[in-house]
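Please consult the sequence and the model shown below.

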Amino acid sequence: GSVANALKRIFVNVNVTIVDVNTSQGSQLAELHNLSLLPAYLFDSSVVQNSVFQTFAGNLKQSNGKYLLNTLDSTSGYLFRNLPSQEPELVQFVTTYDVNSLLFQNTTFNVLAKFNNSINYAPRYVVTRENNTIKSINGYIELVEALVQLCSIESGSTNAVNAIKCRSREILQCYNESQIAPGFCAQFWKVCVGGWDVNETFVEQCIKQRNNTILLGQLQFAVDNQINLVPTTIIGNQYRFVGQLSEFELLSTICAVYPGLSGCVISVGVRSTNSTVS
């Protein structure tokens, strides 16, 4: 693969051995090093003797006498321990005022539209906890926005995702219009929520009464799935990737997981013509 080839170029004389996780050796390695994502890249201790080790050491993590590659390229792959989701599903970990999250959310919405709502979109919001206080990287306003969107989902409205799409585009527009502070958009959440017939009163009560419970649930979900960067996307509880993809790349990735979906099947019509030969 591309990562293995890059490692060969960097370390020059590295020998690559491919181990199937379904073999006894592969299973033992996975257990010993607590691996949950494939492909994983594991160096033996001799890597420390390599001339580029000191330069590259920041991308390696010690694990039971070996060194595990820990880069952005190694955080995407097959979640081999996970059971596939029962229905087609795309879970996306974001923060609500992060530009990269917003951009890729909009890309995702464009791609999901090709599947005629046959894939369940489930947004998750990455938060942290410090001294029993829940925080988000872009401040309190980001927590409130996450609650607006999560409570819209909890309202049970079939338009909740449409309201989230609307908010994502509104916030991104605030970033694009440099004269408007992005936080200014926070106070206008009812334009999207109420505009899509989501019960505004329910959302307000949900934010006031259940904020801590909801945010703790998001925190735990991110911890359980070892989410360190946003955006991170998991398709079908089977394949995870970090960062943004183009619409074509995302469509291709979804179809690799769900090849039978109607949005992945290309129908080719064959037109027959009759000819008379004299």
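The whole structure contains 4 disulfides, a disulfide being a pair of cysteine sulfur atoms within 2.5 Å. Counted along the chain, the bonded cysteines pair in the pattern 1-6, 2-5, 3-4, 7-8. The model is predicted, so that local features need pLDDT of at least 70 and side-chain atom pairs count only at pLDDT 80 or more, while totals for chains, interfaces and linings use all residues. Residues are numbered from 1 along each chain as its sequence is written, and side-chain values use heavy atoms, with hydrogens and water left out.

**Disulfide Cys-151 to Cys-206**
- The sulfur atoms of Cys-151 and Cys-206 lie 2.1 Å apart, and the link is left-handed, with -75° about the S-S bond.
- This pair connects distant parts of the chain, Cys-151 in helix H5 and Cys-206 in helix H8, 55 residues apart; helices here are DSSP runs (H or I, at least four residues) and strands are runs of E (at least two), numbered from the N terminus.
- Cys-151 is buried at a relative accessible area of 0%, where buried means under 20% relative accessible area (1.4 Å probe, protein chains only), exposed over 50% and partly exposed in between.
- Cys-206 is also buried, at 5%.

**Packing of H5 and H8**
- Helix H5 (residues 140–154) packs on helix H8 (residues 200–224) at about 105°, with axes 8 Å apart; axes are lines fitted to C-alpha atoms, for helices over the stretch in contact, and angles run from 0 to 180 degrees between N-to-C directions.
- H5 is therefore roughly perpendicular to H8 (65 to 115 degrees; under 35 is roughly parallel, over 145 roughly antiparallel, the rest oblique).
- The contact (heavy atoms within 4.5 Å) includes Leu-143 and Leu-147 of H5, and Phe-202 and Ile-207 of H8.

- The 17 residues of H6 (residues 160–176) should span 24 Å at 1.5 Å a residue, and the end C-alpha atoms are 24 Å apart, in agreement; the expected span is 1.5 Å times one less than the number of residues.
- The buried residues of H6 pack against helix H4 (99–112), strand S6 (120–125), H5 and helix H7 (189–193).
- Cys-166 is joined to Cys-192 with an S to S distance of 2.0 Å, and this link is left-handed at -65° about the S-S bond.
- Cys-174 and Cys-185 have sulfur atoms 1.6 Å apart, and their link is right-handed at 50° about the S-S bond.
- Cys-174 lies in H6 and Cys-185 in the loop between H6 and H7, so this pair ties together parts 11 residues apart in sequence.
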